[in-house]
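Thanks for coming. I will go through the inside of this protein, pockets and cores, and keep it brief.

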Amino acid sequence: MRGLYRITVLFSLQLVVGATARATAEPPAATVPIAEAGRLVTEQQPDQLVRMQGTVTWCWKPFARRLQRHFIIDDGTGGIWVNGNGARQRGLWTATDFPSVAVGDLVEVTGRLTRGGYDANLLPTAVTVVSSGPLPAAPLAVADDFFRGQLQGRRATVTGIVQDGRKRENQNWLLSLVLAGRRFLAEVPTAFIGPDVSQLIDAEVRLSGVVMSTFNTRGQFIRPRLMVSRSTEFTVELTAPADPFTAPQIELAELDHHTSQPVSGHRICTVGTVTSVQPGGRLTVQQGLVGVWVQAREPVDVRPGDQIEIAGFID
């Protein structure tokens, strides 16, 4: 009986070990189209290992082949953000340097799909440059599709009026623009604009690039954000007036009612009396019974009771 007992135990152990090995073995990365990424992270196990091939349409550093912590690829079915920083934080990207790629490279990326802040991200474990070539076409965007987030990850062309600009940490300009009364953002390399963005304020521009999104902490879409990679895809179609105070003069009362027509997006001028001054260039101005908040681009030397003329944009 002891021999039989021993044989039974050993045989059971072999079965358990074999079952454990089969349960933990991971299948090789499957090649999937980018259009499937959103469904895969929603319906299947998180962190699925996949392989995707596509053209690099945007890079964190857009000039020549550089080490890129982030880039976007497009395979014709969709576009996806390749998140090198996220992969390194998770221990998935173990190389000393980030992958070296450039806009226009055809690359093969193996990695794990994960939920991004708004859409699926790919956390790379390996990146191979296959070849280089032209970028996918950037058709003129349908405004409703653009402003509903339906072009996420794809290349598109839009026009807009520049209302503001500030430098990002990667030294690109982040422009705030308006199209048909709706606001969007565009990230443009400094080399395409220069060190001073003021000459672009109130200009009409045409841009092509990758459509991404600005979203809130709950992952809800707020507005589109266009990522421009090439100088030929940023053009000024109508220059801004040299003197901002040549903009049309309006009464504050004209801002105090609903209109079925979208605001033009161009600069306007008005006058009024300062009623309060807050830190950071914020003040209130009144004209008759109508008052408005005003946010100056920089602190201004005014005080309550001053009569001032204002040139700016309706928010």
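**Pockets and cores**

Start with the second largest pocket: its lining splits into nine nonpolar, ten polar and five charged residues. Keep in mind that this is a predicted model. The volume of this second pocket is about 430 Å³. Its lining has 24 residues, and those nearest the centre are Trp-81, Asn-121, Met-212, Ser-213 and Phe-215. Strands S5 (79-83), S8 (120-132), S12 and S13 (221-227) each give at least two residues to that lining.

Now the largest pocket. It holds about 1,400 Å³ of space. There are 41 lining residues, with Val-294, Gln-295, Ala-311, Gly-312 and Phe-313 nearest the centre. Elements that contribute two or more residues here are S9, S15 (268-278), S16 (282-287), S17 (290-295) and S18 (307-312). Which strand supplies the largest share of this lining? That is S17, with six residues. By type, the lining has 24 nonpolar, eight polar and nine charged residues.

In soluble globular proteins, nonpolar side chains tend to be buried together. The largest nonpolar core here has 27 residues, and Leu-175, Val-188, Leu-207 and Phe-234 make the most contacts inside it. Among the elements that supply at least two of its residues are helix H4 (143-147), strand S9 (155-167) and strand S12 (204-215). Strand S10 gives the largest share, four residues.

Take Leu-175 as an example. Leaving aside residues up to four places away in sequence, Leu-175 touches residues including Val-162, Phe-184, Val-188, Ile-193 and Phe-234. A second, separate core has 21 residues, among them Ile-34, Leu-40, Cys-59 and Val-82.

Key:
Residues numbered from 1 in each chain as written. Predicted model: local features only at pLDDT ≥ 70, side-chain atom pairs only at ≥ 80, totals over all residues. Heavy atoms only, no water. Core = buried A, V, L, I, M, F, W, Y, C linked by side-chain atoms within 4.5 Å. Buried < 20%, exposed > 50% of the residue type's maximum accessible area, 1.4 Å probe, protein only. Contact = heavy atoms within 4.5 Å. 1 Å grid on protein atoms, 1.4 Å probe; cavity = no way out; pocket = protein on both sides within 12 Å on 5 of 7 lines; lining within 4 Å. Points joined across faces, edges and corners; volume = space filled by probe spheres on them. Nonpolar A, V, L, I, M, F, W, Y, C, P; charged D, E, K, R; others polar.
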